[in-house]
Amino acid sequence: MENKLLVTDLDGTFVKDSKQVAPKDKKLFISLKGKLHLGIATGRSVKEIDFIEEQIGFKINNKIGFNGGLIVMEGQKIFEKFIETPILRELLYYIQENQLVYDALDGKNRIGTYQSGNQGRIWNVPLVKPEDMIAEIAPLRIYKINVRPEAGRCTSTLLDLQNKFPQLSICKSGPERIEITPADITKGQAIERIKQIQPLEVITVGDSENDISMFELADTSFCLRHAASEVRNTADHVIDDFYEIAQYL
């Protein structure tokens, strides 16, 4: 096996339609098994990475969930960090007062008011609507919260959240979605933690703002063409589909 680690994002990248791995992408990924160290880095849970493993038919060496809030190497948890209870409580009150659609991730469920109009995008993590969000969510270990402002409010909500909660990592990952994790939790930081255990040359593939940190860390980075220009500009190469990285490897 080469001394290289390939890490790919899921939604919009390896799972381009957020439903199922496309045949050509799946074929390439399977062909790389045993040749490169393989990893998945996603804002989703590790449980949802397991869903993708079922599609490709084998276990991934390195799993990065919640944008780096949980890291599993060779089946062993090497790192985890969740939002501290006092900050979580403040954040929940903010969400409630501003009537924001949200889902809080504890690794087992998506808890909140978010309801997907496309059930194919909901993998093996059920949506749970709490009766009392503060009472039910605040005691939990929450790795990440997605906030989904209505159209036109995403940027202003992002700036307000970043101003009010400087102790958290907050970024926009779509035109109507903001991702909130503990401080210093990024995909790039997660890859750094893996490299501390096993120094490897890093190749990364992604398509959104939460992938920029791993583009900056990588020896070689690829961005999907449909990404925003500020994301594309941070990558070494721009491709249309995941399988196109084959010509560079």
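The model is a predicted one, in which local features need pLDDT of at least 70 and side-chain atom pairs count only at pLDDT 80 or more, while totals for chains, interfaces and linings use all residues. Residues are numbered from 1 along each chain as its sequence is written, and side-chain values use heavy atoms, with hydrogens and water left out.

The secondary structure comes to eight helices and 14 strands, where helices (H or I, at least four residues) and strands (E, at least two) are DSSP runs numbered from the N terminus. For 249 residues a compact globule would have a radius of gyration near 18 Å, and the 17 Å of this protein agrees with that; the radius is taken over C-alpha atoms, and the globule rule is 2.2 Å times the number of residues to the power 0.38. Buried residues make up 53% of the 249 residues, with buried meaning under 20% relative accessible area, exposed over 50%, and partly exposed in between (1.4 Å probe, protein chains only).

Strands of a sheet pair through backbone hydrogen bonds, either parallel or antiparallel. Strand 13 (residues 220–224) and strand 14 pair in the parallel sense over three bridges, and cysteine 223 has valine 238 in strand 14 as its bridge partner. Contact here means heavy atoms within 4.5 Å, while axes are lines fitted to C-alpha atoms, for helices over the stretch in contact, and angles run from 0 to 180 degrees between N-to-C directions.

Another open sheet is formed by six strands in the order 8-7-6-9-11-10, and its pairing is also mixed. Its edges are strand 8 (127–128) and strand 10 (168–174), each of which has a single partner strand, so that one side of each is left without a neighbour in the sheet. Strand 10 pairs with strand 11 (residues 177–182) in the antiparallel sense over six bridges, and isoleucine 170 has isoleucine 180 in strand 11 as its bridge partner. Helix 3 (residues 85–97) packs on the sheet, touching strand 6 (101–105), strand 9 (144–148), strand 10 and strand 11, with a direction at about 15° to that of strand 9. Helix 5 (residues 154–164) lies across strand 10 and strand 11 and runs at about 170° to strand 10.

Some loop residues also deserve a look. Aspartate 9, in the loop between strand 1 (4–8) and helix 1 (23–32), is buried, with a relative accessible area of 4%. The side chains of aspartate 9 and lysine 187 are joined by a polar contact of 3.0 Å, a term for a pair of N or O atoms within 3.5 Å, of which, within protein, one must be able to donate a hydrogen and the other to accept it, and residues adjacent in sequence count only if both atoms are side-chain atoms. Glutamine 99, in the loop between helix 3 and strand 6, counts as exposed at 71% relative accessibility. Most residues other than glycine have a negative phi, yet phi of glutamine 99 is near 50°, a positive value.

Notes
Two strands pair if DSSP finds at least two bridges between them.
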